[in-house]
Amino acid sequence: MEAGVHSLEGRVAVVTGGGGGLGEGICRALAEAGAAVAVVEPELAKAESRASDVAEAGGLAVAFEGDVSSRASVESMTEAVVSQLGGIDILVNNAAIYPARPWTEIEEDEWDRVLATNLKGYFLCARAAHSSMVERGHGRIINIASVTFLIGFADLLDYVSSKGGVVGFTRALARELGPEGVTVNAVSPGAFPTDAEKIHPDPVGYNRWILDQQSLKRRGKPQDVGNLVAFLASDAASFITGQLIGIDGGWAMH
Ligand SMILES: NC(=O)c1ccc[n+]([C@@H]2O[C@H](COP(=O)([O-])OP(=O)(O)OC[C@H]3O[C@@H](n4cnc5c(N)ncnc54)[C@H](O)[C@@H]3O)[C@@H](O)[C@H]2O)c1
């Protein structure tokens, strides 16, 4: 466990999509810093599997079923977290979907589904967690954005649009929540070797292309993102809000 301003002892963190690839690094890093982690997934079994990995590593994590695109589901998940873990200090809006195809093939209902998960879901989770943060006089909202918004990226129009929305959402919400002692920041990962990468037809060529884009010549690990999220969740980051922080090996420099 880390001590002092980096410690998350006594804090409760909700990680949406915590059962996924980057969720691994995020849940582990938060738990290593001492937080109790609520792992949220639409399928409880996926959340349970991640929670038990975290527990095996010596952390505290509890699985919760929740679909971030549904207000009813988000509200019942939030109530369950507050009743089982005592409140919410940290919300990591991480759940997203990323169907890849040319923009002319995006049907209206698919556009709506991507935006409902990747942008409305962030709003619904923040709304639901807000009162607990205000009650505790402290809060951290950390929104996972994407380098694809900074560089533009083909075949992911709805996804990239949702990530641009996440940046606007972060900045505007930071203005409203600052007076309440709640910080709101966004993290912009580059390319990480998770399921997201399986959408590329040529993995070897894609890997080479990523390394060419980055200043640092190694692939990112979920732990890299987890370390940044744990820092932003800690007291060490108490004067940082409304920011978009890249974690991409020096790809987009903005
Ligand atoms: N992997 C990368 O290279 C990369 C790059 C930039 C940004 N990101 C962002 O990082 C975040 C995590 O991505 P990942 O790579 O771990 O992907 P992933 O697919 O491994 O994880 C996403 C998780 O979200 C869950 N999820 C999907 N819909 C949900 C819903 N409606 N409610 C709750 N959970 C839901 C999925 O079950 C999955 O476990 C996303 O916001 C993604 O856009 C990833």
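Q: How many bridges join β6 to strand β7, and in which sense do they run?

A: This is a predicted model, in which local features need pLDDT of at least 70 and side-chain atom pairs count only at pLDDT 80 or more, while totals for chains, interfaces and linings use all residues. Residues are numbered from 1 along each chain as its sequence is written. Strands (E, at least two residues) and helices (H or I, at least four) are DSSP runs, numbered from the N terminus. Two strands pair if DSSP finds at least two bridges between them. Here β6 and β7 (residues 244-247) run parallel, joined by four bridges. P189 stands opposite I247 in β7.

Q: With which sense does β5 pair with β6?

A: Strand β5 (residues 139-144) pairs with β6 in the parallel sense, over six bridges. In β6, V184 is the bridge partner of I141.

Q: Why is β6 described as largely enclosed?

A: A residue is buried if 20 or more other C-beta atoms, placed from the backbone, lie within 10 Å of its own, exposed if 12 or fewer, and partly exposed in between. Eight of the eight residues of β6 (residues 182-189) are buried, so the strand is largely enclosed by the rest of the structure. Both of its faces are covered, with V182, V184, A186 and S188 on one side and T183, N185, V187 and P189 on the other.

Q: What is the phi of D155, and where is this residue?

A: Most residues other than glycine have a negative phi. D155 is not a glycine, yet its phi is positive, at about 70 degrees. D155 lies in the loop between α5 (147-151) and α6 (157-177). With 16 other C-beta atoms within 10 Å, D155 is partly exposed.
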